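Here is a short walk through a structure for a reader who is new to it. Keep the view open and follow along.

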Amino acid sequence: MSKKEQLISELKLIIRPYVQDEFAFENLNEDTDFIADLKINSANLVDVILDIEDKYDIVLDNESMDKMLNVKAAMEVINTKVSEK
Amino acid sequence: MTYPEIIAKLPYQHPFLFVGEILEVDENGISGTYTYEAAHNFYKGHFKDNPVTPGVILTETMAQIGLVAFGIYLLDKSGNTTTELKIALTSSEMNFFKPVFPGEKVLVKSTKEYFRFSKLKCKVAMFNENGDLVCRGKIAGMMNI
């Protein structure tokens with residue numbers, strides 16, 4: 001499994017409890033949008049962010065939160081924050 | 001921010017204001033009371049000839065004191081000066097232990113789990129005048145959506 005695939009599968013585990021659209025979740029890819037595709041509400045998006053912080057031991061600010069609209073952007077933010085540690 | 005100022009900022013009014021008095025508030029939590037007037041309309045229907053405060057009203061009371069009043073304090077503390085408060089309840093999980101009858105006064109205690117990215121999540125508990133636990137759970141909402 002490549003590093004990217006590994007990260008996507010980790011993200012899927014984090015996102016799963018908050019997903020409203022199961023079909024979109026099964027077909028999750030880099031372009032999947034958290035709100036438009038997975039129908040995660042804004043309150044649960046905060047939970048996703050907090051779970052990501054715990055999992056990768058990073059702190060996300062408002063700027064990161066605003067960027068993290070889809071899977072690809074989330075992976076970029078995680079990689080950046082992890083490399084800054 | 002004084003306690004009356006917090007209550008004045010609440011976006012509720014009679015017959016749906018369920019905050020009587022705020023007793024204490026700081027960065028970590030809030031406590032407050034409310035007395036259920038026997039004249040409340042819902043007692044006529046819940047239940048027939050046997051008035052008991054509905055669980056949803058107990059939950060609402062915990063949300064108004066434990067989440068909204070607390071959130072107003074936290075927003076003010078963080079320098080947020082918006083006058084128009086837009087809020088939404090996003091989740092609640094509650095367990096109920098004792099009935100609350102018309103005229104009873106309850107105490108609500110709320111402790112912050114987190115307040116991040118506008119989402120406030122709290123552990124809340126309600127006690128009757130004997131100090132018995134009435135209900136307990138977790139409530140979350142978005143402050144300033």
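Start at one pair of residues. Tyr34(B) stands opposite Val106(B), a residue of strand E4(B). Keep in mind that this model is predicted.

Now widen the view to the strands around that spot. Strand E2 of chain B covers residues 29–35, and strand E4 of chain B covers residues 105–116. The two pair in the antiparallel sense, over 7 bridges.

What order do the strands of the open sheet in chain B take? The order is E1-E2-E4-E5-E6-E3, with 6 strands in the sheet. Their pairing is antiparallel. Strand E1 (21–26) and strand E3 (87–96) of chain B stand at the edges. Each has a single partner strand, so one side of each is left without a neighbour in the sheet. From one strand to the next, the twist averages 20°.

Turn to chain A. Its secondary structure comes to 5 helices and 0 strands. Along the sequence the pattern reads α-α-α-α-α. The radius of gyration of chain A is 12 Å, close to the 12 Å that the globule rule gives for 85 residues, so chain A is as compact as a globular protein of that length. Taken along the principal axes, its C-alpha atoms fill a box of roughly 35 × 30 × 20 Å. Of the 85 residues in chain A, 25% count as buried. Consider too the contacts in chain A with a separation of 6 or more: 47% of them come from residues 24 or more positions apart.

Helix H1 of chain A spans residues 3–15, and helix H5 of chain A spans residues 71–84. They pack at an angle of about 110°, with their axes 11 Å apart. Angles of 65 to 115 degrees count as roughly perpendicular, so H1(A) is roughly perpendicular to H5(A). Which residues make the contact? From H1(A) come Leu7(A), Ile8(A) and Leu11(A). From H5(A) come Val71(A), Ala74(A), Met75(A) and Ile78(A). By class, this contact of H1(A) with H5(A) has 7 nonpolar residues, no polar and no charged.

Last, see where the chains touch. Chain A gives 7 residues to the contact, and chain B gives 8. On the side of chain A, the largest share is 5 residues, from helix H3 (residues 42–56) of chain A. By class, the residues of chain A that touch chain B divide into 5 nonpolar, 2 polar and no charged.

Methods
Residues are numbered from 1 along each chain as its sequence is written. Chains are lettered from A and ligands numbered from 1 in the order in which they are written. This is a predicted model: local features need pLDDT of at least 70, side-chain atom pairs count only at pLDDT 80 or more; totals for chains, interfaces and linings use all residues. Helices (H or I, at least four residues) and strands (E, at least two) are DSSP runs, numbered from the N terminus. The radius of gyration is taken over C-alpha atoms; the globule rule is 2.2 Å times the number of residues to the power 0.38. A residue is buried if 20 or more other C-beta atoms lie within 10 Å of its own, exposed if 12 or fewer, and partly exposed in between; C-beta atoms are placed from the backbone. Two residues are in contact if their C-beta atoms, placed from the backbone, lie within 7 Å. Ala, Val, Leu, Ile, Met, Phe, Trp, Tyr, Cys and Pro count as nonpolar, Asp, Glu, Lys and Arg as charged, and the others, Gly among them, as polar. Axes are lines fitted to C-alpha atoms, for helices over the stretch in contact, and angles run from 0 to 180 degrees between N-to-C directions. Angles under 35 degrees count as roughly parallel, over 145 as roughly antiparallel, 65 to 115 as roughly perpendicular and the rest as oblique. Two strands pair if DSSP finds at least two bridges between them.
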